[in-house]
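Q: Hi! I'm new to reading protein models. Could you walk me through this one?

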Amino acid sequence: MADTKIFGMLAEFETPAALLKAAVKVRNAGYKKFDCHSPFPIHGMDKAMGMKRSHLGFIIAIFALIGAVTGLGLQYWVHSVEYPHIISGKPLFAWQAYIIVMFALFVLFGAGSAVLGMLHINRLPRFHHPVFFSDRFSKVTTDGFFISIEADDPQFDLRKTAAFLQEIGGIHIERLEEQ
Amino acid sequence: MTGNTKPVTVPEKQPLILGNQTFKSVTDKISGIVEAKTPKEWYLAFAIAFFGMLLLLGSIGFLVWDGVGIWGLNNPVAWGWAIVNFVFWVGIGHAGTLISAILFLFRQKWRTSINRFAEAMTIFAVICALMFPGIHIGRIWLIYYFFPVPNQMGMWPNFRSPLLWDFFAVGTYFTVSLLFWYTGMIPDLATFRDRAKTRARKIIFGIMSLGWRGGNRQWQHYELAYLVLAGLSTPLVLSVHSVVSTDFATSLVPGWHTTIFPPYFVAGAIFSGFAMVMTLAIIARRFYGLEHFITTQHFDKMAKIMLLTGSIVGYAYATEFFIAWYSGSDYEGFTFINRAFGPYAWAYWIMITCNVIVPQFFWSGKLRRNIAFLFVASILVNVGMWFERFVIVVSSLSRDYLPSSWDYYSPTFWDIITFIGSFGLFFTFFLLFLRFLPMISMSEVKAILPQADPHNSEGHE
């Protein structure tokens, strides 16, 4: 087999509190490319890791507005341009009656972009990832709390990072390899 | 003021999840249900439900073959059981959305034990609902008339009609509910993936969980997406059934043409939906031994919501009567006297008994925690809410403005079979869900355990 490339380092922690404290220490040590894995979102973790607010909200707002405009445009085009018929005495551009379909498409586009946008930002679906090569990592969806530090991080050093993770309370420290 | 004040005792809050659960025990319990051998009782229930679904498919086949004449529709009553069933099933869905969206925004942590299967119930109920107008059109191969698609006739649907609003509202509702349900399930599907022993399960749950790694950089966006979905679904709880009610309210039929319809329908929908959640929760809890997860506290809270919405429904019945009299319209006045004392009085009084009287028992805390009583009450409410729609649809249509065209409506064999069959369809999906998917949200339940709070555990510095 060819030389395996190191992806990073994985350390396990025992409780959500331990993970939170360790996250602060990893950030203070200057690491940028690290992640904290847990079975459920931990309150205060975004702050501990020094993460910025998610920008997903803007994406959703834009798509939701596109949905509403699509709804209005579709109804305007159908009743005023393509198929202008007066039905039950209502005006051709009966905007009051158009609001419900506009709202429905607003919600539909908003919800669709929330899910697809979330997957896109998270780079999912991605079925193949080096953390999955760790046998212990399968605990992460049950009761495992992990920190992974990537080798791409400028601070990363095989020996020093391992020692550092041990120092901040990590157990079962292992190397992750790209395969 | 005397200095003799008694210390205030704050009643201790009962934990939401009982049995000193750990993160692992939650996963073991919920995943264990799906990983264990299929219970014999499940096969029996599934066989019955599947038979019901076959009845439905058969009756739809005959309907397509022979036309809507096989139903009991007659000249004044052109909307019969199919529309009654449509409104009934859409209404049931609303509780699932209320639990998953509104209670989420209000930070009601108790929702985590029941939201997953309430959402599943929503989706399956909306499938049943969407089916009815679809088959009611008679010539099912012309269903594309509904959709705004270019066609050979150069014809477009009328967006000024509430029937089209309804199509968009319910279609959106279904899609958003499905997205919400699936998004909520991704972390739990990842749990199944990580516990999978066989290759087939590894592949199936591996694909379904999309490679979820539980990293906080993922959770951050995930939580925001979930929050936005809840925010977008919240107005849907109110809007979908309001739009359904405009199918009635924008017409001129006496008894339908009222402004009270949207709020009245929404309250009724939530009322009936909670009754269905309760019925299903009581059965699933008993059968799968989930007493630690769905506690009497949960039922107590659901019963309180039913008491509130049931009372709103009762109040709406009274308001309708009052306005019919106060409006001075002879037709409105007659319609309501006819509802209570005319040929459909039997349906009206079933409705009043089940929807107005039954929930009033929930004032008693003891009864709210009595599972056997709740089970019976929830089924009665379901019956009552079906009759509410029957009374609205049929009593108004059968005797409207012109006495010479009055006629009595009664369902045929095929109406009944189709309705029973829709339960078959619902339970087929629901049983498959219970068997193969996580019926309680593991990641959300874990997050409300006391040890999940990082400021709660040992080691403060």
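Q: What stands opposite A:F13 in strand 3 of chain A?
A: That is A:F145. By the way, this is a predicted model, so to speak of local features pLDDT must be at least 70, side-chain atom pairs count only at pLDDT 80 or more, and totals for chains, interfaces and linings use all residues. Residues are numbered from 1 along each chain as its sequence is written, while chains are lettered from A and ligands numbered from 1 in the order in which they are written.

Q: OK, and how many bridges join strand 1 and strand 3 of chain A?
A: Six bridges: strand 1 (residues 5–13) and strand 3 (residues 145–150) of chain A pair in the antiparallel sense. Strands here are DSSP runs of E with at least two residues, helices are runs of H or I with at least four, and both are numbered from the N terminus. Two strands pair if DSSP finds at least two bridges between them.

Q: What sheet are they part of, and in what order do its strands come?
A: They belong to an open sheet of four strands in chain A, with the order 2-3-1-4 and antiparallel pairing. Its edge strands are strand 2 (34–37) and strand 4 (171–178) of chain A, each pairing on one side only. On average, neighbouring strands are turned by 20° against each other, direction ignored.

Q: Which helix packs on that sheet and touches strand 2 of chain A?
A: Helix 1 (residues 16–28) of chain A, which touches strand 1, strand 2 and strand 3 of chain A. Its direction makes about 20° with that of strand 3 of chain A. Such angles run from 0 to 180 degrees between N-to-C directions, with axes being lines fitted to C-alpha atoms, for helices over the stretch in contact. Helix 5 (residues 158–167) of chain A lies across strand 1, strand 3 and strand 4 of chain A, at about 10° to strand 1.

Q: Zooming out, how many helices and strands does chain A have?
A: Five helices and four strands, in the pattern β-α-β-α-α-α-β-α-β along the sequence. Its radius of gyration is 25 Å, whereas a compact globule of 179 residues would have one near 16 Å. That radius is taken over C-alpha atoms, and the globule rule is 2.2 Å times the number of residues to the power 0.38. The C-alpha trace of chain A spans about 80 × 40 × 30 Å along its principal axes.

Q: What about chain B, how many helices and strands there?
A: Chain B has 15 helices and zero strands. Its radius of gyration is 24 Å, close to the 23 Å that the globule rule gives for 461 residues, so chain B is as compact as a globular protein of that length. Of those 461 residues, 49% count as buried.

Q: How many residues of chain B are in contact with chain A?
A: 52 residues of chain B are in contact with 59 residues of chain A. Contact means that the C-beta atoms of two residues, placed from the backbone, lie within 7 Å. Helix 7 of chain B gives the most to the chain B side, with 16 residues.

Q: Which helix of chain A packs with helix 7 of chain B at about 35°?
A: Helix 3 (residues 56–82) of chain A packs with helix 7 (residues 216–249) of chain B, their axes 10 Å apart. The contact is made by A:L56, A:G57 and A:I60 together with B:H221, B:L224, B:A225 and B:V228.

Q: Last one: where do helix 9 and helix 10 of chain B come, in terms of axis distance and angle?
A: The axes of helix 9 (residues 296–326) and helix 10 (residues 330–341) of chain B come within 7 Å and cross at roughly 145°.

Conventions
A residue is buried if 20 or more other C-beta atoms lie within 10 Å of its own, exposed if 12 or fewer, and partly exposed in between; C-beta atoms are placed from the backbone.
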